[in-house]
Amino acid sequence: MCRPNLSCIWCWTSLMGGISSFNYIARVSSEYMAPEILLAKGHNKDADWWSVGILLYEMLTGKAPKHNNRKKLQEKIIKEKVKLPPFLTSEAHSLLNGLLQKDPSTRLGNGPNGDDQIKSHKWFRSINWKKLEARELEPNFKPDVSAKDCTANFDQCWTAMPVDDSPAPTPTAGDHFQGLGFHLATQIF
């Protein structure tokens, strides 16, 4: 899949008022962490745009950039450019290259109007953001959910995994999380 559809961008609806719900959606594991987090340089919402880039990479290619050694994976994130497969469209290449910039100041989505910058990217040209925000569009796929804590739509290889602690320290000072909030899953769907 190289064009966005409602099934693959449902998480973007949380971005309509900013980046407030993305942390709830994204998996917290090394392959989603921005270089500045792994280097403990301090971070802001630009690190979340890196995670969005990795999530989109995984959705478009069917796999996340991985390494079977956590330390080597972190070194790759810090030092190597993400290799994009040739089957992706030029628009997808442009979007992923923008989101996966090592330097957060040059990363797509950087700055106070970053979410608008991303939404206006040519890869998203078919999305009517106003209708999406107003929940006037029907997704192509709706998973069956039997209860609030239903995990039936996730493979057991993921739900049976032990929870790992983050290798990055949690920021304790500053306005790193200004404007961020927690939204229950029932509010996201």
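Cysteine 157 is partly exposed, its relative accessible area being 44%, whereas cysteine 150 counts as buried at 19% relative accessibility. Here buried stands for under 20% relative accessible area, exposed for over 50%, and partly exposed for values in between, with a 1.4 Å probe and protein chains only. With a disulfide taken as a pair of cysteine sulfur atoms within 2.5 Å, the count comes to 0 disulfides.

The model is predicted, with local features needing pLDDT of at least 70 and side-chain atom pairs counted only at pLDDT 80 or more, while totals for chains, interfaces and linings use all residues. Residues are numbered from 1 along each chain as its sequence is written, and side-chain values use heavy atoms, leaving out hydrogens and water.

The protein has a mean pLDDT (the predictor's confidence in each residue, from 0 to 100) of 76, and 69% of its residues reach 70 or more. Confidence is highest in helix α5 (residues 90-99), at a mean of 95, and lowest in helix α1 (residues 22-25), at 39; helices are DSSP runs of H or I with at least four residues, numbered from the N terminus. Over residues 1-28, pLDDT stays under 50, and the model has 80 contacts (heavy atoms within 4.5 Å) beyond four places in sequence for them. For residues 183-189, where pLDDT also stays under 50, there are 13 such contacts. Where pLDDT is low, the predicted coordinates should not be read in detail.

Isoleucine 127 lies in the loop between α6 (114-119) and α7 (129-133) and counts as buried, at 12% relative accessibility. From isoleucine 127 to leucine 137, the C-alpha to C-alpha distance is 10.0 Å, across a sequence separation of 10 residues.

Notes:
Helix = DSSP H or I, 4+ residues; strand = E, 2+ residues; numbered from the N terminus.
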